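Trainee: I would like to learn how to read a structure feature by feature. Can we take one example and work through it?

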Amino acid sequence: VPDMNVVQTKAVDPDGGGVQQMTVFCFDANDLFITTVAADITPDTANPSLSGRLKVTVPDHTVTIQLVGNQNLTYFREDNYRGMSEIDVMASLEASAGRMIYWARKTVDQLKSHNTDSNPVQLLRNQAKITLNVESSTGFEQKGWVVVNSNAFGTVAPYCPEHGFEAPHYIDRPFVTLPENNTKLGDFLDVRTNDEEYIFETENTAEDPIDFIVKGSQNGG
């Protein structure tokens, strides 16, 4: 999992736990759902939270797979989705609350070719990374900040009718993949002192914008 790419609008939970578990969604030649399979993950010792190797055994007639890391599938009933299209299964899948979800879509042959360190499978995070930087020359002493009016839920896989499941950095214009649940996060009573925040993708319209409130003082005032 590489560091955040500037052109990716999806991106990491505040816990920053990396990939804890990986589920593989299997689809046949007609893009119909077969089953899910848990992958065995061996983290890299040098960077265990951001890279590693996975091993998975899928049904013989699997053609396309979608890798989903950290998703809670307690209430996902496979029998309800068996034989349904890839779009019906994945496009509406809501990200587990409080978890950073990692995602990639490959064919079986493509995944087999990703077997060296120089040719890794890159996973896409489903939250965007926001960083606050205060120039020291301004004389402003920053004591904390908070993101207001952001979404409480996000999606697992990026999907749009024109481009399917292609990741944002492959296409020439941004798009938004929103869950049906548009609940907002609750109000915060105080600012946070960390330099980074992570938010789900949102339309962020002028009528309903995300705001950033910064707490501090100017030249000790």
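Trainee: Is Gln127 buried or exposed?

Mentor: Buried means under 20% relative accessible area. Gln127 has 4% relative accessibility, so Gln127 counts as buried. Keep in mind that this is a predicted model.

Trainee: Where is Gln127 in the fold?

Mentor: Gln127 sits in strand β7, which covers residues 127-131.

Trainee: What does the side chain of Gln127 lie close enough to for a polar contact?

Mentor: A polar contact needs N or O atoms within 3.5 Å. Here a polar atom of the Gln127 side chain lies 3.4 Å from the backbone oxygen of Arg99.

Trainee: And Asn126, buried or exposed?

Mentor: Apply the same cut-off, under 20%. Asn126 has a relative accessible area of 2%, so Asn126 is buried. Asn126 lies in the loop between β6 (124-125) and β7.

Trainee: Which backbone atoms does the Asn126 side chain reach?

Mentor: Take them one by one. The backbone nitrogen of Ile101 is reached at 3.2 Å. The backbone oxygen of Thr155 is reached at 3.1 Å.

Trainee: Which residues is Met84 in contact with, leaving aside its neighbours within four places in sequence?

Mentor: With those neighbours set aside, Met84 is in contact with Asp31, Leu32, Phe33 and Val89. Met84 and Phe27 are 57 residues apart in sequence, and their C-alpha atoms are 9.3 Å apart in space.

Trainee: Let us turn to the whole chain. How many helices and strands are there?

Mentor: The chain has two helices and 10 strands. Along the sequence, the pattern reads β-β-β-β-α-β-α-β-β-β-β-β. Of the 221 residues, 39% are buried.

Trainee: What should I look for in a nonpolar core?

Mentor: In soluble globular proteins, nonpolar side chains tend to be buried together. In this model, the largest nonpolar core has 18 residues. Those with the most contacts inside this core are Phe25, Val68, Val89, Met90, Trp103 and Val156. β1 (22-27) and α1 (86-90) each supply at least two residues of this core. Another core, of 15 residues, lies apart from it, with Val19, Cys26, Ile34 and Ile65 among them.

Trainee: Which residues does Val156 contact, beyond its neighbours within four places in sequence?

Mentor: Val156 is in contact with Val68, Gln71, Leu93, Glu94, Ala95, Ile101 and Trp103, once those neighbours are left aside.

Trainee: Now the pockets. What is the volume of the largest pocket?

Mentor: For a pocket, read the volume, then the lining. The largest pocket has a volume of about 810 Å³. Its lining has 31 residues, and Gly52, Arg53, Leu54, His114 and Val121 lie nearest the centre. By class, the lining divides into 18 nonpolar, eight polar and five charged residues.

Trainee: Which element gives the largest share of that lining?

Mentor: That is β3, with four residues. β2 (33-43), β3 (52-55), β4 (64-69) and α2 (108-113) each supply at least two residues.

Trainee: How much space lies in the largest cavity?

Mentor: The largest cavity holds about 40 Å³ of space. Ten residues line this cavity, of which Gly154, Thr155, Thr177, Phe200 and Glu201 lie nearest its centre. By class, four are nonpolar, four polar and two charged.

Definitions and conventions: Residues numbered from 1 in each chain as written. Predicted model: local features only at pLDDT ≥ 70, side-chain atom pairs only at ≥ 80, totals over all residues. Heavy atoms only, no water. Buried < 20%, exposed > 50% of the residue type's maximum accessible area, 1.4 Å probe, protein only. Polar contact = N/O pair within 3.5 Å; in protein donor to acceptor, adjacent residues only side chain to side chain. Core = buried A, V, L, I, M, F, W, Y, C linked by side-chain atoms within 4.5 Å. Contact = heavy atoms within 4.5 Å. 1 Å grid on protein atoms, 1.4 Å probe; cavity = no way out; pocket = protein on both sides within 12 Å on 5 of 7 lines; lining within 4 Å. Points joined across faces, edges and corners; volume = space filled by probe spheres on them. Nonpolar A, V, L, I, M, F, W, Y, C, P; charged D, E, K, R; others polar.
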